[in-house]
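Hi everyone, thanks for making time today. I'd like to walk you through a structure, so please have a look at it with me.

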Amino acid sequence: MSTVLSPTTALQAGDTLSADRAAGVAVIGTVAEYSGTLDALRRSGRSVGVVPTMGALHDGHRSLIERAARECDVVAVSIFVNPTQFGSAADLAHYPRTLDADLGMVASAGGDLVFAPSVAEMYPDLGDGAQAGTTDGAQPGKTTVSAPALAARWEGASRPGHFDGVATVVVKLLSAAGRCRAYFGEKDFQQLALVRRVARDLCLPTEVVGCQTVRHLDGLALSSRNVRLSAGERRASLVLYRALRSGADLVARGEIDPTVVEAEMTRVVARAPAVALDYAAVVDADDLEPAHTCAARPLRLLIAAAVGPVRLIDNLDPHGPEPTPPSRLPGV
């Protein structure tokens, strides 16, 4: 039976935080204890890596934790389903919550502690009964962080208020963590760009590390939302990656007109009637503005669509290396 170290035990144990990875992880529920624990570890000379998540961990998250464990002395994983970034109460209610399984994955991937606060801890003005942040136009709290230059297009246009919720909770989590490296997946590419901008503009003591998307053998990007897909919807969802690959192939063959590439991605998705395309775009990877030419670097192809009741997003660097080796989970 696994033993879970308490935060106090972890600190008193000194090097035991690293030596007893297999035994379990410390679970912390308050900002004060989380900040104090990481401050104490840094004072002892250890580097800190953090992996912010909303739980429902999968092999994509595992890859982030494993990379953080390779590069940092101590790895902290936050698990918090942030209500202020959901546009509807139904979407928030359907988000999977699997804390026990998540703790096991954190331990097996090399994480040392988990920060799992309540809603009331993160948003004292909301309390634990908080609903999605934008359903009634209410502000998520008395202070909100916004990065409109990066949040206005793409996901921001389709999900009003979403990125204000993301930016606000990320600033809270990174401020609580203190000086660290923070690991985010490239699958949510607009989110990663926004986090980098916010960390830079607000002078957070954080090095933001982007990590390649992890995919199933058939190309589908790993996402916590995939579990909501039926078998038929799961098969239909593969069209997103096919569209990205088709667009990237055009760029590789010398196509420089973004509108031609976008039209090709749209054409591929149109062959899957069960998939409702939101956008297929070629953008500058730094500011996410529409690209004027595919010869520019850095570049990203973005795509978003509804597959049944599930909204899926994906992206690809058409000039980049081959994707991260596929997940251990087979495509179905």
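Let me start with how the elements are named: helices (H or I, at least four residues) and strands (E, at least two) are DSSP runs, numbered from the N terminus. This is a predicted model, where local features need pLDDT of at least 70, side-chain atom pairs count only at pLDDT 80 or more, and totals for chains, interfaces and linings use all residues. Residues are numbered from 1 along each chain as its sequence is written, and side-chain values use heavy atoms, with hydrogens and water left out.

How confident is the predictor? On pLDDT, its confidence in each residue from 0 to 100, the protein chain averages 87, and 85% of the residues score at least 70. Residues 134-139 fall below 50, and that stretch has 9 contacts in the model beyond near neighbours in sequence, a contact being heavy atoms within 4.5 Å.

Overall, the protein chain has 14 helices and 9 strands. Of its 332 residues, 53% count as buried; buried means under 20% relative accessible area, exposed over 50%, and partly exposed in between (1.4 Å probe, protein chains only).

Now, which elements line the second largest cavity? Strand S2 (48-53), strand S3 (74-79) and helix H10 (162-177) each supply at least two lining residues, and S2 gives the most, with 3. A cavity here is a set of points, on a 1 Å grid over the protein atoms alone, where a 1.4 Å probe fits but cannot get out; lining residues have an atom within 4 Å of a point. Among the lining residues are Tyr-34, Val-50, Ala-76 and Leu-173. By class, the lining has 7 nonpolar, 1 polar and no charged residues; Ala, Val, Leu, Ile, Met, Phe, Trp, Tyr, Cys and Pro count as nonpolar, Asp, Glu, Lys and Arg as charged, and the others, Gly among them, as polar.

Tyr-34 turns up again among the buried residues of H3, along with others including Leu-38 and Arg-42. Just after H3, Gly-45 takes a positive phi of about 100 degrees.

Trp-154, at about 55 degrees, sits in the loop between helix H8 (148-151) and helix H9 (155-158). Is Trp-154 buried or exposed? Trp-154 is buried, because its relative accessible area is 15%. Cys-203, near 55 degrees, is exposed, with a relative accessible area of 67%.

One last stop: a cis peptide bond joins Arg-297 and Pro-298, with omega about -5 degrees.

Conventions:
1 Å grid on protein atoms, 1.4 Å probe; cavity = no way out; pocket = protein on both sides within 12 Å on 5 of 7 lines; lining within 4 Å. pLDDT = per-residue confidence, 0-100.
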